[in-house]
Each structure stands twice: as C-alpha cells, then as structure tokens.
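Please keep the structure in view as you read.

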Amino acid sequence: MRTQINLAKNAGFCFGVKRAIDIALKTAAINKKVCILGDIVHNEDVVKKIGTAGIKKINRLSGSGKNKILLIRAHGASKKIFDRARHLGYRIIDATCPMVHEIHRIAQQSESKGYTIIVIGDKKHDEVRGIIGQLRKKAIVIESIADIPAKKIKKACVVVQSTQNMDKVDRIVSALKRRAGELKFFNTICRPTTAKQQEIRSMPRQNDLMIIIGSHTSANTKRLYEISRAINPRSFWVNSKKDIKAAWLQGMKKVGLTTGASTPDWRIKEVVGYI
C-alpha cells in the first residue's frame, strides 16, 4: 500500500527564526568574539549550528565586554540585559523578532497611559520574560484562567505571547472582561503561528496520522501537538526520524506533517524520506 504524505504549507522556519539565524551566521562570519545569552531559538539542531559557527553560549553577563558582541536571540531580552551589556562594553546585535518588538512597544505605550499590563503566556518562557522586562511596574502573567487575579483591575491592557493558542486566549480574555473596569486587548499572536494553527485544526481530520516535528523544548511545537491530538489521537510529536516507530505507519493511507517554527528544513526532508 502506498502512503500519501501531506506536508503543511506553513511547515518550517517562521520569519522571525529565519531572520535571527541569518543575523547570527552573518555576524559570526565577520566577528570572532560573539556570544549569546541562552539559546537563539528552542531547537537543538539550530543551537548546534550556531555553536559550530563560533558563537559562544553564556549564562550571564560578567567581566569586560570590550571588543565583544552580544547577540540578542529571537525571543528578545529585558531592558536590564541591554543596559548591563552596554555598561560592560558589549556591542549589541539585536536579532529579536520584529513581531516581538511590536509587543514590547504596545506594552510600554499602554503602561505609560496608566494601564496595568497583562501578558497571556508561559511564565517561564524567554519571550514572556523579555516582554515584562520592558516595563517599569510588575506585569501580571496569566497561563490559564486559574491565574486571573480575584481583585478587580481598573484599567488593563492585554498582550499575548506570540505563539499562544488562540482558543485558549479567547477563553482567558472573556474571563478577564468580567474582572476589569476597562480592558484593551491586543491579539499579538504572530501571523506564522496563526497560519500553522489554522492548518493543524484541519489536517488531523484529513489524514489518518499526524506527525509534528520539532524540539521538545519548543512551546509552539507543543501547542501544535496538543491541538492535533485533541482532534486525532493518532498524532505524534517527534524531533527526528529516530523517534518514529514503524508500527505507527502500518495501514496509514494518509500521513500529515507539520513542524514548529524553529524546525530546520533538513529535518523535514529526513522525516519525509524515512516515511
């Protein structure tokens, strides 16, 4: 029996990830002393490629940054990190996704107008830490309805981590409207995430089996997998062809494939070739 493989139109790198990697590799090609705080994106293959190019991963800023470059990753960073890097003498190359920068701008402007900033997102995610790190006052981070404060907020501005699930966001915003005197909501889920999530809401119905390719450290890949599995229990999350079990494919006429935003094309080709 021949198996038909259906690859999502929006599979592969999103714009922000591709841009960050291009900036990193171009910077490394002309500078020898480049470092980065944490991982440029949440994908081991990409992190390894960045390391091979000569970019050094560091855990904190210390010592002199003279003649050194600090590369800011795609998820962005707090103002404190920028200020600290400049104080130590680093030259900064900012590879923050432009869509994440837009979230920073909205949050800062709204705070200056007296709004309490609410971020719907994962509390420990690098992007969320970068967003709240732009503000003078402490923001409220909400992962689920259970996190909504009991106390009523006079003026609230809601922004969203760019890779969140829109269905979940809608439920949280509906609940927040009952707890805020005035609420401004900005849907800052990025276009690539929206496109990927729209596909993953239809593909599991059109295919016997779904395979979602991406790192298990990737929040956006996790969300694609969760949406897919809720629709089609025969949904599997893999990082490479090594994770695929041949038994999954037995009797499957149509196999759908999609990926997280930081999954490289060669991983997709590898999985397609294996199937």
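The report below takes the sheet, then the pockets, then the cavities.

This is a predicted model, in which local features need pLDDT of at least 70 and side-chain atom pairs count only at pLDDT 80 or more, while totals for chains, interfaces and linings use all residues. Residues are numbered from 1 along each chain as its sequence is written, and side-chain values use heavy atoms, with hydrogens and water left out.

**The sheet and its helices**

Let us begin with an open sheet of 4 strands, ordered β7-β6-β8-β9 and paired in parallel. Strands here are DSSP runs of E with at least two residues, helices are runs of H or I with at least four residues, and both are numbered from the N terminus. Two strands count as paired if DSSP finds at least two bridges between them. β7 (140–142) and β9 (180–185) are the edge strands, each pairing on one side only. Direction ignored, neighbouring strands of this sheet are turned by 25° against each other on average. Strand β8 (residues 153–160) pairs with β9 in the parallel sense over 5 bridges, and Val158 stands opposite Phe185 in β9.

Helix α4 packs on the sheet, where it touches β6 (116–120), β8 and β9, and its direction makes about 170° with that of β8. Helix α6 (residues 166–176) lies across β6, β7, β8 and β9 and runs at about 155° to β9. Axes are lines fitted to C-alpha atoms (for helices, over the stretch in contact), and angles run from 0 to 180 degrees between N-to-C directions.

**Pockets and cavities**

Both kinds of space are found on a 1 Å grid over the protein atoms alone: a cavity is a set of points where a 1.4 Å probe fits but cannot get out, a pocket is an open set with protein on both sides within 12 Å along at least five of seven lines, and lining residues have an atom within 4 Å of a point. Grid points are joined across faces, edges and corners, and a volume is the space filled by probe spheres set on the points.

| Space | Volume |
|---|---|
| Largest pocket | about 300 Å³ |
| Second largest pocket | about 250 Å³ |
| Largest cavity | about 270 Å³ |
| Second largest cavity | about 40 Å³ |

The largest pocket is lined by 17 residues, and Leu37, Arg73, Ala77, Ser78 and Ile81 are the closest to its centre. β4 (69–72), α3 (79–88) and α5 (126–132) each supply at least two residues of this lining.

In the second largest pocket, 13 residues form the lining, with Asp122, Ala219, Lys222, Arg223 and Glu226 closest to the centre. Helix α9 (residues 219–231) gives the largest share of that lining, 4 residues.

How many cavities of 30 Å³ or more are there? The count comes to 2. Among the 23 residues lining the largest cavity, Cys14, Val17, His75, Ser162 and Thr163 lie nearest its centre. Helix α1 gives the most to this lining, with 3 residues.

The second largest cavity is lined by Thr163, Thr193, Lys196, Gln197, Asn220, Arg223 and Leu224. Here α7 and α9 are the elements that give two or more residues.

Definitions and conventions:
Contact means heavy atoms within 4.5 Å.
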